[in-house]
Amino acid sequence: MVYQDIIVRNPNKRFGKPCIRTTRITVYDVLAWLAAGMSNEEIIADFPELTEEDIHACLAYAADREQKVVRL
């Protein structure tokens, strides 16, 4: 999966934070829901515009960002 096809930044939406496609749902939102213990199924039930692939794209985005963090 190429998360860049799903995760986009628009400076006019959510202050330029990375969002899922054309929605206003940020990567942070999805990661926070997962961290709070929500399952993929629960997230999709609450936000039917999301897919399993969208959730996986958020995880891939976070993993990629973590790998690129510069340690001081």
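Is Phe15 buried or exposed? I looked this up before anything else. Phe15 has a relative accessible area of 80%, so I noted it as exposed. For the cut-offs I wrote that buried means under 20% relative accessible area, exposed over 50%, and partly exposed in between, with a 1.4 Å probe and protein chains only.

**Entry: ground rules**

I am working with a predicted model, in which local features need pLDDT of at least 70, side-chain atom pairs count only at pLDDT 80 or more, and totals for chains, interfaces and linings use all residues. Residues are numbered from 1 along each chain as its sequence is written, and side-chain values use heavy atoms, with hydrogens and water left out.

**Entry: the whole chain**

I found three helices and two strands in the chain. I took helices (H or I, at least four residues) and strands (E, at least two) as DSSP runs, numbered from the N terminus. Along the sequence the pattern reads β-β-α-α-α. The radius of gyration is 12 Å, close to the 11 Å that the globule rule gives for 72 residues, so the chain is as compact as a globular protein of that length. That radius is taken over C-alpha atoms, and the globule rule is 2.2 Å times the number of residues to the power 0.38. I also noted that the C-alpha trace spans about 40 × 30 × 20 Å along its principal axes.

Of the 72 residues, 33% count as buried. I then looked at contacts, meaning heavy atoms within 4.5 Å. Among contacts with a separation of 6 or more, 40% come from residues 24 or more positions apart.

**Entry: the loop between the strands**

I went back to Phe15, which sits in the loop between strand 1 and strand 2. Its phi is positive, about 60°, although Phe15 is not a glycine. Arg14 lies in the loop between strand 1 and strand 2, and its phi is also positive, about 50°, although Arg14 is not a glycine. I wrote down both because most residues other than glycine have a negative phi. Arg14 has 27% relative accessibility, so it counts as partly exposed.

**Entry: helix 1**

Which residues of helix 1 are buried? In this helix, residues 27-35, I listed Val27, Asp29, Val30 and Trp33. Seen down the axis of helix 1, the buried residues fall within an arc of 165°, so they line one face of the helix. The arc is that of the directions from the helix axis to the C-beta atoms.

The face turned away from the buried side of helix 1 carries the exposed residues Tyr28 and Ala35. The buried residues pack against strand 1 (7-9), strand 2 (18-20), helix 2 (40-46) and helix 3 (52-68). After helix 1 I came to Gly37, whose phi is positive, near 100°.

I looked up Val27, which counts as buried because its relative accessibility is 3%. Leaving aside neighbours within four places in sequence, Val27 is in contact with Ile7, Pro18, Cys58 and Tyr61. Val27 and Val8 are 19 residues apart along the chain, and their C-alpha atoms are separated by 9.6 Å.

What does Trp33 contact, leaving aside its neighbours within four places in sequence? I found Ile25, Met38, Ile43, Phe47 and Leu50. From C-alpha to C-alpha, Trp33 and Val8 are 19 Å apart in space, and 25 residues apart in sequence.
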